[in-house]
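Thanks for making time. I will go through one structure this morning, starting with a helix and ending with the charged pairs.

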Amino acid sequence: MERLGADVRCFTEGLYNSRTVMITGGASGIGFAMARSFGLYGAQVIIVSRKEERLAAAERRLSALGIEIEAMVCDVRDESQVGGVVDQAIDRFSGIDVLVNNAAANFWSPAETMSSRSFRTVVEIDLYGTFHCTRAVVPHMIDQGGGCILNVTITDPHRGFPGFAHAAAAKSGVLGLTTTWAREWGRYGVRVNSIGPGPTPTEAGLSGMTTGRFDHPPSFDIQRRRTPLGRLATPEDTASAAVFLCSDAASFITGVNLAVDGGISLPVPSGDLQSDPSIIPEPTCQGEG
Ligand code: NAP
């Protein structure tokens, strides 16, 4: 049996019994942690992404934990593929209670040399992918009397995301969809929220993260030092917040973007060392690098 972090056991056992949760990009990183958390609380989980082998490996790991899991190959950029997997999921589980739009792509690219192809790729996966999946699932949620959409964004794209203009544009769009959908679909009992993970050293995070300074190599260490809570996010931090936001405990919460980032996105007074990413304060806590 896979060892579990203590963080995935904070809620009542069986919280998601008889609920079906679909997670795009659920075979790796943060999406996988969410699939595991929802599954351990009793949900039937559907994970959706492009790479069949990675999906199969995730499916094996999740079933070994006793989770009822279905893996489906789908590119969220393709509206008809998305329609196909949603229909299949509804046939198999008779409904989808929670949709987590987590699939995304990201890579560092200075804005002045970013190609329109790069820009389009990220926008198509992050923004159109979120639109396609939600558009396919929501009519079923409305018919069944409610549901929950959770979009995975970044903490605050409006502050700027140097080196990632494509993701800043896409995730800002997703935040606009979150609030708009929350207002449109509240009357149907459909809640729509977003979650913004802090810097998380997943495989993708490790290849994409920068310090915000173009002449630096990617560094999670600097992000850690700039985080008030003094550590990086784990996929399980975001998964726990997702379990809460999609549960009945959050039944009056809609249209929010919850930062799960140890405070790194908090505004800091001008002149404060933390506001300038090129100035790296020396660590003050014992044990810090
Ligand atoms: P990840 O492991 O690369 O997760 C992304 C997932 O999306 C992968 O499983 C990938 O699987 C899937 N995906 C990509 N393109 C797809 C497509 N066209 N159709 C279907 N699935 C697709 O990265 P992560 O770090 O866990 O990130 C998860 C989420 O957190 C993302 O929304 C990301 O923007 C957000 N986030 C991450 C960080 C961080 O520091 N890691 C910080 C803030 C926000 P396939 O390649 O097999 O399709």
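Start at Gly 145, which sits just after helix H4 and takes a positive phi of about 95°. Keep in mind that this is a predicted model.

Now step back into H4 itself. This helix covers residues 116-144, 29 residues in total. From its first C-alpha to its last it reaches 40 Å, close to the 42 Å expected at 1.5 Å a residue. H4 also has a bend of about 35°, located at Tyr 128.

Which residues have the most contacts inside the largest nonpolar core? They are Tyr 16, Met 34, Phe 38, Val 45, Ile 47 and Val 100, in a core of 33 residues. Several elements give two or more residues to this core, among them strands E1 (20-24) and E2 (44-49), and helices H1 (29-40), H2 (52-64) and H8 (235-245). H1 gives the most, with 6 residues.

Take Ile 47 as an example. Setting aside its neighbours within four places in sequence, Ile 47 has contacts that include Ile 23, Ala 35, Leu 55, Leu 62, Ile 69 and Met 72. There is also a second, separate core, with 27 residues, including Met 22, Leu 99, Met 141 and Trp 181.

On to charges. Side chains of opposite charge can pair when their charged atoms come close. In this model the count comes to 9 salt bridges.

One of them joins Asp 248 and Arg 19, with 3.2 Å between the closest N and O atoms. Asp 248 is in the loop between H8 and strand E7 (257-260), and Arg 19 is in the segment before E1, so this pair ties together parts 229 residues apart in sequence. Asp 248 counts as exposed because its relative accessibility is 52%, while Arg 19, at 24%, counts as partly exposed.

A second pair is Arg 36 with Glu 236, at 2.7 Å from N to O. This one links helix H1, which holds Arg 36, to helix H8, which holds Glu 236, across 200 residues. Are these two buried or exposed? Arg 36 is buried, with a relative accessible area of 7%, and Glu 236 is buried as well, at 17%.

Notes:
Residues numbered from 1 in each chain as written. Predicted model: local features only at pLDDT ≥ 70, side-chain atom pairs only at ≥ 80, totals over all residues. Heavy atoms only, no water. Helix = DSSP H or I, 4+ residues; strand = E, 2+ residues; numbered from the N terminus. Expected span 1.5 Å × (residues − 1). Bend = angle between axes of the 7 residues up to and from the residue. Core = buried A, V, L, I, M, F, W, Y, C linked by side-chain atoms within 4.5 Å. Buried < 20%, exposed > 50% of the residue type's maximum accessible area, 1.4 Å probe, protein only. Contact = heavy atoms within 4.5 Å. Salt bridge = Lys/Arg side-chain N within 4 Å of Asp/Glu carboxyl O.
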